Amino acid sequence: MLNNKIIENIRVNFENELKSVDKLQLLEDLRIKYLSRNGQISALFEQLKDVSKEEKPLIGKSLNDLRNVAANLFSDLKAKLETTDTNKLPKIDLTLPGNKYAIGSKHILTQTLDEIKSIFKGLGFSVNEGPELESDYNNFGALNFAPDHPARDMQDTFFISKDFLLRTHTSPVQIRVMENNKPPVRVIMPGRVYRNEAVSSRSYCMFHQVEGLYVDTDVTFTELKGTLVSFAKQFYGSDLKYRFRPSFFPFTEPSAEMDITCYICKGKGCKICKHSGWLEILGCGMVDPNVFGFVDYDPEKVSGYAFGMGIERTAMLKYGITDIRAFFENDFRFLKQF
Ligand code: DAH
């Protein structure tokens, strides 16, 4: 017959067994053994109906106490094991090699520009940038282009409105720099430029240039040559041969173009250099006094030089790339080589 001693025994057994439980699975076994519908505690409730009327209230209360105590002990231990049971925690094998992520790399144009920047920084130049949407005045007028200059033609220039356009070169940044700074200035100005040209292996409707400008008192053409030769030797190699040819740009006087010996034939003459042995790398010259007039610099007091080069062209010459479109097609097989 069910009595308090039996109930007490079950409680002691349950508590003893609980002490050795350190895994959720073992705890679940214990729950089934004692607390489930077919468990020992439920079985005791079954026996309650045989208990005499007088004893029923007392035994019933003891049984309820047992069930509550057991349920509480069970849920306390369950909460604890859920945070410590290693079978439940995500399994981590610290000896496995880590996940590999594909890391990107810099585009060849960015690498080329980084190299150009670092060479000119070493020569005392700082870096400045201007907008790609420019005024006709900055892109042409203030750079001494005559109103009827052919470069203004719709054939070459993407006009946005009568007075605004996508800059066709980085030279307008010269105007912005001089309008906003008193001399001396010594800056390079990289950026994107746009030309309304038929796309081919040699020309694209958008490309990049780096402009250079140095204005101070008594700046000479010799300094211009010295700076550009120093740049070319650092960039293309110290055994390089070079020459300056007279040229024309509206914003420089005198103007020149710089050539280096062809990297393919070393000057003997080949298809790339059109059998001349030379490759043109940049345009340059002494800042035209008219340009100083537009930016309120006194041409009697200051002089300066400017230069400009295409970054695609520079990279093509250095790495032997023969199609400018390769820079913009994002073909992995091309990009991965650099
Ligand atoms: N702006 C010229 C071009 O796009 C390049 C250039 C030539 C820039 C001579 C200069 C320079 O600063 O002095 O063809």
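1. Arg11 and Glu15 lie four residues apart in helix 1 (residues 4-19), which means that about one helical turn separates them. In this predicted model, the two residues form a salt bridge whose closest N and O atoms are 2.8 Å apart. Arg11 counts as partly exposed because its relative accessibility is 25%, and Glu15, at 27%, is likewise partly exposed.

2. A salt bridge also joins Lys33 to Glu17, with 2.8 Å between the closest N and O atoms.

3. Arg333 and Asp331 meet through their side chains in a salt bridge of 2.7 Å, N to O. Arg333 is exposed, at 64% relative accessibility, whereas Asp331 is partly exposed, at 28%. The structure contains 17 salt bridges.

4. Strand 5 (residues 206-216) is mostly covered, with ten of its eleven residues buried. Strand 5 runs antiparallel to strand 4 (residues 185-194), and ten bridges join the two. Within strand 5, Phe207 is the residue opposite Val193.

5. Strand 5 is also antiparallel to strand 9 (residues 303-310), to which eight bridges join it. Here Gly212 has Phe307 of strand 9 as its bridge partner.

Technical notes. Residues numbered from 1 in each chain as written. Predicted model: local features only at pLDDT ≥ 70, side-chain atom pairs only at ≥ 80, totals over all residues. Heavy atoms only, no water. Buried < 20%, exposed > 50% of the residue type's maximum accessible area, 1.4 Å probe, protein only. Pairing = 2+ DSSP bridges. Salt bridge = Lys/Arg side-chain N within 4 Å of Asp/Glu carboxyl O.
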